[in-house]
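This report describes one protein chain, from its overall layout down to single residues. Look at the sequence and the structure first, then read on.

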Amino acid sequence: MEKINRYSVEYEWANMIFYQEVEAMTIQEAKERIQHTKVNASIRAVHVIEDVES
């Protein structure tokens with residue numbers, strides 16, 4: 001069973017601040033998920049919202 005967490009990622013993109021929830025195994029993976037879709041995004045903060053097991 002993999003350990004999945006739900007993260008809130010705060011990032012700056014196109015001179016605006018956004019918050020997005022993502023499910024990932026690590027903080028680094030959560031950052032990469034945002035940067036994959038928003039190539040020039042600058043990650044400002046990542047917070048764990050809850051642990052989810054799948």
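## Overall layout

Followed along the sequence, the protein chain shows the pattern β-β-α-β. That pattern is made of one helix and three strands. The model is predicted.

The C-alpha trace spans about 40 × 20 × 10 Å along its principal axes. The radius of gyration of the protein chain is 11 Å, which agrees with the value near 10 Å that a compact globule of 54 residues would have.

Of the 54 residues in the protein chain, 26% are buried. The accessible surface amounts to about 3900 Å², and carbon and sulfur atoms hold 48% of this surface. Among the contacts with a separation of 6 or more, 49% are between residues 24 or more positions apart.

Strand S1 covers residues 3–13 and strand S2 covers residues 16–24. How do these two strands pair, and over how many bridges? They pair in the antiparallel sense, over nine bridges. Two positions show how the strands line up. Arg6 has Glu23 in S2 as its bridge partner, and Tyr7 stands opposite Val22 in S2.

The hairpin has two residues between the strands. Ala14 is placed in the loop between S1 and S2, and Asn15 lies in that loop as well. The phi of Ala14 is positive, near 55 degrees, although the residue is not glycine. Asn15, also not a glycine, has a positive phi of about 60 degrees.

## Two glutamates in strand S1

Glu10 lies in strand S1, and Glu12 is placed in strand S1 too. In a regular strand the side chains alternate between the two faces of the sheet.

Glu10 has a relative accessible area of 14%, so it is buried, the cut-off being under 20%. Leaving aside neighbours within four places in sequence, the contacts of Glu10 are Ile17, Phe18, Tyr19, Ser42, Ile43, Arg44 and Ala45.

Glu12 is partly exposed, with a relative accessible area of 29%. With neighbours within four places again left aside, Glu12 is in contact with Ile17, Asn40, Ala41, Ser42 and Arg44. Glu12 and Ala45 are 33 residues apart along the chain, and their C-alpha atoms are separated by 9.9 Å.

## Aromatic residues

How many aromatic pairs does the structure hold? The structure holds two aromatic pairs. In one of them, Tyr11 and Phe18 are stacked, with 5.5 Å from centre to centre and 20 degrees between the planes.

Tyr11 is buried, at 3% relative accessibility, whereas Phe18 is partly exposed, with a relative accessible area of 28%. Tyr11 and Phe18 form one aromatic cluster together with Trp13. Lys38 lies over the face of Trp13, and its distance from the ring centre is 5.2 Å.

## The helix

Helix H1 covers residues 27–37, and Glu32 is found in this helix. Glu32 counts as partly exposed, at 45% relative accessibility. From C-alpha to C-alpha, Glu32 and Ser42 are 11 Å apart in space, and they are 10 residues apart in sequence.

## Accessibility side by side

The table lists the relative accessible area of residues discussed above.

| Residue | Relative accessible area | Class |
|---|---|---|
| Tyr11 | 3% | buried |
| Glu10 | 14% | buried |
| Phe18 | 28% | partly exposed |
| Glu12 | 29% | partly exposed |
| Glu32 | 45% | partly exposed |

Key
Residues are numbered from 1 along each chain as its sequence is written. This is a predicted model: local features need pLDDT of at least 70, side-chain atom pairs count only at pLDDT 80 or more; totals for chains, interfaces and linings use all residues. Side-chain values use heavy atoms; hydrogens and water are left out. Rings of Phe, Tyr and Trp (its six-membered ring) pair if their centres lie within 6.5 Å; planes under 30 degrees apart count as stacked, over 60 as edge-to-face and the rest as tilted. Buried means under 20% relative accessible area, exposed over 50%, partly exposed in between (1.4 Å probe, protein chains only). A charge sits over a ring if NZ of Lys or CZ of Arg is within 6 Å of the ring centre and within 35 degrees of the ring normal. Two strands pair if DSSP finds at least two bridges between them. Helices (H or I, at least four residues) and strands (E, at least two) are DSSP runs, numbered from the N terminus. The radius of gyration is taken over C-alpha atoms; the globule rule is 2.2 Å times the number of residues to the power 0.38. Contact means heavy atoms within 4.5 Å. Accessible areas come from the Shrake-Rupley method with a 1.4 Å probe; for residues, only the protein chains shown count as cover.
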